Amino acid sequence: EDFMPLIHSMATRLGKMFANVRKSGLLWWLRPDRKTQVTTQCGDGSVALQKIHTVVIPTQQAAPLNATKCKECAGYGYTGP
């Protein structure tokens, strides 16, 4: 059971999932430094959660020229040697 506030718990879980994906090699170009932010909206005058408003996960990424897997670099406009 988790006794942390919901927003904190959601941000922590997202961060752990992100770290697991990075460590698995699926997104090999991700670097370990990241932040996770979850913003929610509550009802008028209450603390009851109405919706998740925003989820932001900025990360560091490998530089395209230093990358060795050109297929994943396609989003950078880098086509490789």
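Predicted model: local features only at pLDDT ≥ 70, side-chain atom pairs only at ≥ 80, totals over all residues.
Trainee: Which residues make up the nonpolar patch on the surface?
Mentor: Leu-6, Leu-49, Ile-52 and Val-55, with about 340 Å² of accessible area together. Strand S3, residues 49–56, gives the most to the patch, with 3 residues.

Trainee: Why is Val-55 called partly exposed?
Mentor: Val-55 has 43% relative accessibility. Buried means under 20% and exposed means over 50%, so at 43% Val-55 falls in between and counts as partly exposed. Val-55 is found in strand S3, by the way.

Trainee: And Leu-6, what makes that one partly exposed?
Mentor: Just run the check again. Leu-6 has a relative accessible area of 49%, and exposed would need over 50%, so Leu-6 stays partly exposed. A patch residue needs over 30%, so the 49% of Leu-6 passes that cut-off.

Trainee: Where does Leu-6 lie?
Mentor: In helix H1, residues 6–24. The C-alpha atoms of Leu-6 and Val-38 are separated by 9.8 Å, and these two are 32 residues apart along the chain.

Trainee: How do you know that S2 and S3 pair?
Mentor: Count the bridges. Pairing takes at least two, and strand S2 (residues 37–42) has 6 bridges with S3, in the antiparallel sense. Since 6 meets the cut-off, the strands count as paired. Cys-42 stands opposite Leu-49 in S3.

Trainee: What do S2 and S3 form, and what is in the turn?
Mentor: A hairpin, with 6 residues between the strands. Gly-45 sits in the turn and has a positive phi of about 70 degrees.

Conventions
Residues numbered from 1 in each chain as written. Heavy atoms only, no water. Patch = residues over 30% accessible without salt bridge, like charges linked within 9 Å, V, L, I, M, F, W, Y side chains within 5 Å. Areas by Shrake-Rupley, 256 points an atom, 1.4 Å probe, with all protein chains shown as cover. Salt bridge = Lys/Arg side-chain N within 4 Å of Asp/Glu carboxyl O. Helix = DSSP H or I, 4+ residues; strand = E, 2+ residues; numbered from the N terminus. Buried < 20%, exposed > 50% of the residue type's maximum accessible area, 1.4 Å probe, protein only.
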